[in-house]
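Please read them with the coordinates open.

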Amino acid sequence: MQCNSILPELADGHENDESNALKRSKSNRWHIGAVQALLDMPFGDLIFQAQQVHRQHHNANAVQLSTLISVKTGGCPEDCGYCPQAARYHTGVDNQAILSVDSVVAAAVAAKEQGATRFCMGAAWRGPKQRDIEIVTKMISAVKALGMETCATLGMLKPGQAGQLGAAGLDYYNHNLDTSADYYDTIISTREYQDRLDTLQEVRDAGINVCCGGIVGMGETRETRAGLIAQLANLNPYPESVPINHLVQVEGTPLYGTAKLDPLEFVRTIAAARITMPKTMVRLSAGRREMSEAVQALCFLAGANSIFYGDKLLTTGNPEVQQDQALLNKLGMQSLPFDPE
Ligand code: SF4
């Protein structure tokens, strides 16, 4: 085959002497330039390459369904420029105290009945306090007892907190890098990139799977997107789950009014994530509601194999369950079964 592509074995971490621009360094890390070279490929070649990698490691016609519930909404002291839950922005999001364990379990039961296999619990905190951890660990144990995979996104973790979450049965902890290290200060000033990496290490050290991705469409360049993907792919090991979000512009946030990203750039980013992290679950996350079915289908072709499912994604809308089912049926795709051990 002759095309502007990298070979699958290189994508899976092996060196290939004939590949130049796309070659990893001797330390087996992805150079930003190598990821950018992927993003620069002719669209058809890139999708073909991503499909090859995807089919080597996954059922190409299966998608995992996750549901996300906000267990504590709004009033966050951080200043993430995209987030309607930051207290300093006036976005109309109503603050809501932490939910009861019973109401979270009821939501998990409903999500399971609708086919979700993973249940994610999100809270708008800089990081949880000990009293928060005590409530969230009860939620985790109760959801786990339903036979679902559990995921939480609670902000930065202090030493020891990841261990408590893991002991309660947490399968995944979500903590996104958001963007490349170089662009990070443009988006957030109340914490450092290194803080994020430190929390990810806490999660790894506790034996919890890492869910970590980013957001595109925040006014960044293609090189910035390459920087994000390279950073994720160079985590050792790379995350088990990589959500790729498309900015949902919310009035009142600093990023409202940002120039819109071409949808095909989003698809390219998905493909680069798939090629550089062959075994991860690449998750189509925020912004899916604004995408046409055709763009979503291209994302699946590019290697996305997980979606958030249900009518809410934290505080922004997500396509209705029936619409999602209709799209999956139209594409001949099935939801991935989860078989709890
Ligand atoms: S993204 Fe998270 S940490 Fe940042 S402002 Fe929103 S809730 Fe707070």
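1. A salt bridge is here a side-chain nitrogen of Lys or Arg within 4 Å of a carboxyl oxygen of Asp or Glu. The model is a predicted one, in which local features need pLDDT of at least 70 and side-chain atom pairs count only at pLDDT 80 or more, while totals for chains, interfaces and linings use all residues. Residues are numbered from 1 along each chain as its sequence is written, and side-chain values use heavy atoms, with hydrogens and water left out.

2. The side chains of R225 and E265 form a salt bridge, with 2.8 Å from N to O. The two residues are 40 positions apart, R225 lying in helix α9 and E265 in helix α10 (residues 263-276), so that this pair links distant parts of the chain; helices (H or I, at least four residues) and strands (E, at least two) are DSSP runs, numbered from the N terminus. Through shared partners, salt bridges join D40, E220, R222, R225 and E265 into one network. Both R225 and E265 are buried, where buried means under 20% relative accessible area, exposed over 50%, and partly exposed in between (1.4 Å probe, protein chains only).

3. How many salt bridges does a search of the whole structure find? The search finds 12, and one of these contacts joins the side chains of K144 and D171 at 2.8 Å, N to O. This pair also links distant parts of the chain, 27 residues apart, with K144 in helix α5 (residues 130-144) and D171 in the loop between α6 (161-167) and β4 (172-174). K144 counts as partly exposed because its relative accessibility is 32%, whereas D171, at 17%, counts as buried.

4. A further salt bridge is made by the side chains of E240 and R204, at 2.9 Å from N to O. Because E240 lies in the loop between α9 (222-233) and β7 (241-246) and R204 in helix α8 (residues 193-205), the pair ties together parts that are 36 residues apart in sequence. E240 is partly exposed, with a relative accessible area of 25%, and R204 is likewise partly exposed, at 21%.

5. Around the ligand are C76, E78, C80, Y82, C83, A86, A124, W125 and R191, a residue being near a molecule if one of its heavy atoms lies within 4 Å of it. This shell divides into seven nonpolar, no polar and two charged residues; Ala, Val, Leu, Ile, Met, Phe, Trp, Tyr, Cys and Pro count as nonpolar, Asp, Glu, Lys and Arg as charged, and the others, Gly among them, as polar.

6. The structure holds one aromatic pair, formed by Y184 and Y193, which is edge-to-face with 5.2 Å centre to centre and 75° between the planes. Rings of Phe, Tyr and Trp (its six-membered ring) pair if their centres lie within 6.5 Å, and planes under 30 degrees apart count as stacked, over 60 as edge-to-face and the rest as tilted. Y184 and Y193 are both buried.

7. The charged end of R118 sits over the ring of Y172, 3.7 Å from its centre, and R283 lies over the face of F308, at 4.9 Å from the ring centre. The criterion is NZ of Lys or CZ of Arg within 6 Å of the ring centre and within 35 degrees of the ring normal.

8. L247 is placed in the loop between β7 and α10 and is buried, with a relative accessible area of 9%. L247 and E290 are 43 residues apart in sequence and 9.9 Å apart in space, C-alpha to C-alpha.
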